[in-house]
Amino acid sequence: QVQLVESGGGLVRPGGALIRSCEASGNIFSIGHMRWDRPAAGNPRELVASSTNSGATDYPASVKGRFFISRDNAKKTVSLQMNSLKSEDTAVYYCNAGVRAISDVLRDYWGQGTQVTVSS
(Lines give C-alpha, C1' and ligand atoms only; values in the text may rest on other atoms or scores of the structure.)
Protein backbone atom coordinates (compact mmCIF):
# COMPACT_ATOMS: atom_id res chain seq x y z
CA GLN A 1 0.00 0.00 0.00
CA VAL A 2 1.32 3.42 -0.97
CA GLN A 3 1.28 6.28 1.50
CA LEU A 4 2.33 9.92 1.36
CA VAL A 5 3.30 11.28 4.76
CA GLU A 6 3.74 15.00 5.19
CA SER A 7 5.73 16.94 7.75
CA GLY A 8 6.37 20.59 8.48
CA GLY A 9 3.81 23.35 8.45
CA GLY A 10 2.49 25.40 11.34
CA LEU A 11 2.32 29.07 12.23
CA VAL A 12 4.63 31.69 10.73
CA ARG A 13 4.66 35.49 10.65
CA PRO A 14 4.14 37.42 7.40
CA GLY A 15 7.40 37.59 5.50
CA GLY A 16 8.65 34.43 7.14
CA ALA A 17 9.60 31.08 5.64
CA LEU A 18 8.55 27.48 6.09
CA ILE A 19 9.50 24.11 4.64
CA ARG A 20 7.03 21.33 3.93
CA SER A 21 8.16 17.79 3.22
CA CYS A 22 6.43 14.69 1.93
CA GLU A 23 7.72 11.13 1.75
CA ALA A 24 6.23 8.33 -0.31
CA SER A 25 6.43 4.80 1.05
CA GLY A 26 5.11 1.37 0.23
CA ASN A 27 5.53 -1.08 -2.64
CA ILE A 28 6.50 1.60 -5.14
CA PHE A 29 7.63 0.76 -8.65
CA SER A 30 7.89 4.33 -9.94
CA ILE A 31 6.83 7.88 -9.19
CA GLY A 32 5.78 10.38 -11.86
CA HIS A 33 4.72 13.87 -10.94
CA MET A 34 4.97 15.21 -7.40
CA ARG A 35 3.18 18.38 -6.45
CA TRP A 36 1.70 20.52 -3.72
CA ASP A 37 -1.87 21.83 -3.76
CA ARG A 38 -4.02 24.00 -1.55
CA PRO A 39 -7.72 24.93 -1.61
CA ALA A 40 -8.67 28.18 -3.30
CA ALA A 41 -11.91 30.08 -3.83
CA GLY A 42 -14.10 27.99 -6.11
CA ASN A 43 -11.46 25.27 -6.40
CA PRO A 44 -10.98 22.45 -3.92
CA ARG A 45 -7.39 21.97 -5.00
CA GLU A 46 -5.22 24.63 -6.61
CA LEU A 47 -1.71 23.91 -7.83
CA VAL A 48 1.01 25.48 -5.69
CA ALA A 49 4.04 23.79 -7.22
CA SER A 50 4.73 20.71 -9.32
CA SER A 51 7.74 18.69 -10.41
CA THR A 52 8.06 16.00 -13.05
CA ASN A 53 10.30 13.02 -12.36
CA SER A 54 12.96 14.66 -14.53
CA GLY A 55 12.87 17.81 -12.40
CA ALA A 56 10.87 20.20 -14.56
CA THR A 57 8.92 22.53 -12.29
CA ASP A 58 5.82 24.69 -12.60
CA TYR A 59 4.34 27.38 -10.38
CA PRO A 60 1.29 29.64 -10.58
CA ALA A 61 1.89 33.38 -10.66
CA SER A 62 0.68 33.73 -7.07
CA VAL A 63 3.72 31.91 -5.65
CA LYS A 64 6.31 32.14 -8.42
CA GLY A 65 9.60 33.47 -7.07
CA ARG A 66 8.57 32.77 -3.48
CA PHE A 67 7.93 29.01 -3.40
CA PHE A 68 10.36 26.37 -4.60
CA ILE A 69 9.73 22.65 -5.03
CA SER A 70 12.47 20.05 -4.96
CA ARG A 71 12.49 16.27 -4.98
CA ASP A 72 14.83 13.43 -4.20
CA ASN A 73 13.87 10.49 -6.37
CA ALA A 74 16.13 8.07 -4.51
CA LYS A 75 14.53 8.97 -1.16
CA LYS A 76 11.05 9.34 -2.71
CA THR A 77 10.60 12.73 -1.11
CA VAL A 78 9.39 16.12 -2.26
CA SER A 79 9.83 19.39 -0.40
CA LEU A 80 8.29 22.82 -0.67
CA GLN A 81 10.32 25.82 0.44
CA MET A 82 7.93 28.69 1.09
CA ASN A 83 9.50 32.15 1.42
CA SER A 84 8.11 35.65 1.88
CA LEU A 85 4.87 34.19 3.16
CA LYS A 86 1.71 36.26 3.02
CA SER A 87 -1.55 35.99 4.94
CA GLU A 88 -3.25 34.80 1.74
CA ASP A 89 -0.94 31.76 1.75
CA THR A 90 -2.80 30.49 4.81
CA ALA A 91 -4.32 27.14 3.85
CA VAL A 92 -4.12 23.41 4.27
CA TYR A 93 -1.39 22.18 1.93
CA TYR A 94 -1.58 18.72 0.37
CA CYS A 95 1.16 16.62 -1.16
CA ASN A 96 0.17 14.71 -4.30
CA ALA A 97 2.05 12.19 -6.40
CA GLY A 98 1.41 9.97 -9.36
CA VAL A 99 2.65 6.58 -8.16
CA ARG A 100 2.78 3.19 -9.78
CA ALA A 101 2.89 0.52 -7.12
CA ILE A 102 4.32 -2.91 -7.91
CA SER A 103 1.74 -4.95 -9.86
CA ASP A 104 -0.54 -1.93 -10.15
CA VAL A 105 -1.31 0.90 -12.54
CA LEU A 106 -0.40 4.55 -12.12
CA ARG A 107 -2.62 6.20 -9.52
CA ASP A 108 -2.89 9.55 -7.77
CA TYR A 109 -2.12 9.55 -4.06
CA TRP A 110 -2.57 12.34 -1.51
CA GLY A 111 -0.94 13.19 1.78
CA GLN A 112 -2.95 13.91 4.89
CA GLY A 113 -2.75 17.69 4.50
CA THR A 114 -1.21 20.08 7.00
CA GLN A 115 -2.27 23.56 8.02
CA VAL A 116 0.00 26.50 7.26
CA THR A 117 -1.08 29.72 8.98
CA VAL A 118 0.54 33.06 8.18
CA SER A 119 -0.33 35.57 10.87
CA SER A 120 1.25 38.17 13.08
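Author: Buried means under 20% relative accessible area, exposed means over 50%, and partly exposed covers what lies in between, with a 1.4 Å probe and protein chains only. Arg66 has a relative accessible area of 9%, so Arg66 is buried. The model is predicted: local features need pLDDT of at least 70, side-chain atom pairs count only at pLDDT 80 or more, and totals for chains, interfaces and linings use all residues. Residues are numbered from 1 along each chain as its sequence is written, and side-chain values use heavy atoms, with hydrogens and water left out.

Reader: What makes the pair Asp89 and Arg66 a salt bridge?

Author: A salt bridge is a side-chain nitrogen of Lys or Arg within 4 Å of a carboxyl oxygen of Asp or Glu. In Asp89 and Arg66 the closest N and O atoms are 2.8 Å apart. That value is within 4 Å, so the pair is called a salt bridge.

Reader: Which parts of the chain does this pair link?

Author: The pair links distant parts: Asp89 is in the loop between β8 (77-82) and β9 (91-101), and Arg66 is in the loop between β6 (57-58) and β7 (67-72). The two residues are 23 residues apart. Strands here are DSSP runs of E with at least two residues, helices are runs of H or I with at least four, and both are numbered from the N terminus.

Reader: Is Asp89 buried or exposed?

Author: Asp89 has 1% relative accessibility, so Asp89 counts as buried.

Reader: Why is Glu46 called partly exposed, and why does Arg38 count as buried?

Author: Glu46 has a relative accessible area of 26%, so the label is partly exposed. Arg38 has 7% relative accessibility and therefore counts as buried.

Reader: How many salt bridges does a search of the whole structure find?

Author: The search finds six. One of them joins the side chains of Asp37 and Arg35, at 2.9 Å, N to O. Asp37 is buried, because its relative accessible area is 2%. Arg35 counts as partly exposed, because its relative accessibility is 24%.

Reader: How many helices and strands are in the chain?

Author: There are zero helices and eleven strands. Read along the sequence, the pattern is β-β-β-β-β-β-β-β-β-β-β.

Reader: How do you know that the radius of gyration agrees with a compact globule?

Author: The radius is taken over C-alpha atoms, and the globule rule is 2.2 Å times the number of residues to the power 0.38. With 120 residues, the rule gives a value near 14 Å; the chain has 14 Å, so the two agree. Along its principal axes, the C-alpha trace spans about 50 × 30 × 25 Å. Of the 120 residues, 38% count as buried.

Reader: Where is Ser51 found, and which residues does Ser51 touch?

Author: Ser51 is in strand β5 (residues 43-51). Contact means heavy atoms within 4.5 Å. Not counting residues up to four places away in sequence, Ser51 touches Gly32, His33, Met34, Ala56, Thr57, Ile69 and Arg71. Ser51 has 3% relative accessibility and so counts as buried.

Reader: What is phi in Lys76 and in Ser103?

Author: Most residues other than glycine have a negative phi. Lys76 is not glycine, yet its phi is positive, near 60°. Ser103 is not a glycine either, and its phi is positive, about 65°. Lys76 lies in the loop between β7 and β8, and Ser103 lies in the loop between β9 and β10 (106-110).

Reader: How exposed are Lys76 and Ser103?

Author: Lys76 has 28% relative accessibility, so Lys76 counts as partly exposed. Ser103 has a relative accessible area of 78%, so Ser103 is exposed.
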